[in-house]
Amino acid sequence: MSERAGSFPFPAATDARAAATLGVWVFLGSEAMLFGGLMLAYVVARLHHGEAFAAGSAELDFALGTANTAVLLTSSLTIALADLFTEE
């Protein structure tokens, strides 16, 4: 089986780029539909069961939620900086 270098799976770099661009748009569209459906389900549940959401909100701890958010943002920043410095 003889293959030319770079001929698999696309014969030209422009074809590979077009396929990658299409793949990204398909992924973004599927994610938008997924999270759009989740947000719609949340809104419908909140509209139909508002008292349950109010009771649940009363149980939340502001300080714990703030600390959790700070940890998540800090970890995301750490990974972003690590990625930035590995590219240099």
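What share of the 88 residues in the protein is buried? Buried residues make up 0% of them. The model is predicted. Its secondary structure comes to three helices and zero strands.

**Overall build**
- Along the sequence, the pattern reads α-α-α.
- Helix H1 covers residues 13-48.
- Helix H2 covers residues 50-58.
- The protein has an accessible surface of about 7,800 Å².
- Carbon and sulfur atoms account for 72% of that surface.

**Nonpolar surface patch**
- Four residues form a nonpolar patch on the surface: Val24, Trp25, Phe27 and Leu28.
- Together they have about 450 Å² of accessible area.
- Phe27, one of the patch residues, lies in helix H1.
- Phe27 counts as partly exposed because its relative accessibility is 48%, and exposed would require over 50%.

**Aromatic pair**
- A search of the whole structure finds one aromatic pair.
- The ring centres of Tyr42 and Phe53 lie 5.6 Å apart, with the planes at 90°, so the pair is edge-to-face.
- Tyr42 belongs to helix H1 and Phe53 to helix H2, so the pair ties together parts that are eleven residues apart in sequence.
- Tyr42 has 40% relative accessibility and therefore counts as partly exposed.
- Phe53 also counts as partly exposed, because its relative accessibility is 24% and buried means under 20%.

How values were computed:
Residues numbered from 1 in each chain as written. Predicted model: local features only at pLDDT ≥ 70, side-chain atom pairs only at ≥ 80, totals over all residues. Heavy atoms only, no water. Patch = residues over 30% accessible without salt bridge, like charges linked within 9 Å, V, L, I, M, F, W, Y side chains within 5 Å. Areas by Shrake-Rupley, 256 points an atom, 1.4 Å probe, with all protein chains shown as cover. Salt bridge = Lys/Arg side-chain N within 4 Å of Asp/Glu carboxyl O. Helix = DSSP H or I, 4+ residues; strand = E, 2+ residues; numbered from the N terminus. Buried < 20%, exposed > 50% of the residue type's maximum accessible area, 1.4 Å probe, protein only. Phe/Tyr/Trp six-rings, centres within 6.5 Å; stacked < 30°, edge-to-face > 60°.
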